[in-house]
Amino acid sequence: MTATGQGRTVVGNIALSLDGRVAGPGGEYDMGWIVPHAVTAGARSHMLRVTRDATTALLGRKNYQGFAGYWPSVAEDENAHPDDRAFARWLNAVEKVVFSHTVADAVWDNTRVVSADPATAVKDLRQRDGGDIVVLASTSVIRNLLDAGELDRLSITLCPELVGAGARLFQDGPAGSSWSLTDVNATESGALCLLYDRIRAAG
């Protein structure tokens, strides 16, 4: 993957239902419908591809707590899927930036907690050397960066599910934007792994 003219490429990675949901009618933790589509070989390969060139991961508080409670031990779990172990090793080693006003102390290696607005933090990160910056499924962070024009790439796993109700990723907000489809792969479950790059005016 190549940069998009903004220095470091900022990628928002998210799973969506066909009706644009990030969670079901049961609330923000109603995401069981995603699981069958997240554990396929195609979805796992897509995640490794999206994170391959990344040196920074961005997480909201809730996702950080969920990730930190699960992924660190997967890296050395011989019973885990090899792709999951590879992702866990990357996640353990990568710089992790957590956006929170309540997390006081991040115990996961290479993690720092910031209270700054995500867009402000990303502008600072763009000035530093490094690879891609990936938002890992944190809806609030992706929305913030979209609104601020600080997201360069959307990585969407489109799950063939009509959830019917629940939170959506896309909401009404600032002026719209145009995106170019740069990659698409179908998985064994029928999900589509999509990569869109933002089209920015020259100069």
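In helix α3, F67, W71, P72 and V74 meet D84, R85, F87, A88, L91 and N92 of α4, where contact means heavy atoms within 4.5 Å. By class, this contact of α3 with α4 has 7 nonpolar, 1 polar and 2 charged residues (Ala, Val, Leu, Ile, Met, Phe, Trp, Tyr, Cys and Pro count as nonpolar, Asp, Glu, Lys and Arg as charged, and the others, Gly among them, as polar). The model is predicted: local features need pLDDT of at least 70, side-chain atom pairs count only at pLDDT 80 or more, and totals for chains, interfaces and linings use all residues. Residues are numbered from 1 along each chain as its sequence is written, and side-chain values use heavy atoms, with hydrogens and water left out.

Two packed helices are described by the angle between their axes and the distance between the axes. The axes of α3 (residues 61-74) and α4 come within 7 Å and cross at roughly 115°. Axes here are lines fitted to C-alpha atoms, for helices over the stretch in contact, and angles run from 0 to 180 degrees between N-to-C directions. Helices (H or I, at least four residues) and strands (E, at least two) are DSSP runs, numbered from the N terminus. α3 and α4 are therefore roughly perpendicular to each other (65 to 115 degrees; under 35 counts as roughly parallel, over 145 as roughly antiparallel and the rest as oblique).

Helix α4 (residues 82-93) also packs with α2 (residues 41-51), at an angle of about 25° and with the axes 10 Å apart. This pair is therefore roughly parallel. On the α2 side, R44, S45, M47, L48 and T51 meet D83, D84, A86, F87 and W90 of α4. The residues of that contact divide into 5 nonpolar, 2 polar and 3 charged.

What is the volume of the largest pocket? It is about 1400 Å³, a volume being the space filled by probe spheres set on grid points joined across faces, edges and corners. A pocket is an open set of points on a 1 Å grid over the protein atoms alone, where a 1.4 Å probe fits, with protein on both sides within 12 Å along at least five of seven lines; lining residues have an atom within 4 Å of a point. Of the 37 lining residues, M31, I34, N63, F67 and A137 are the closest to the centre of the pocket. Helix α3 gives the most to the lining, with 7 residues. By class, the lining has 20 nonpolar, 10 polar and 7 charged residues.
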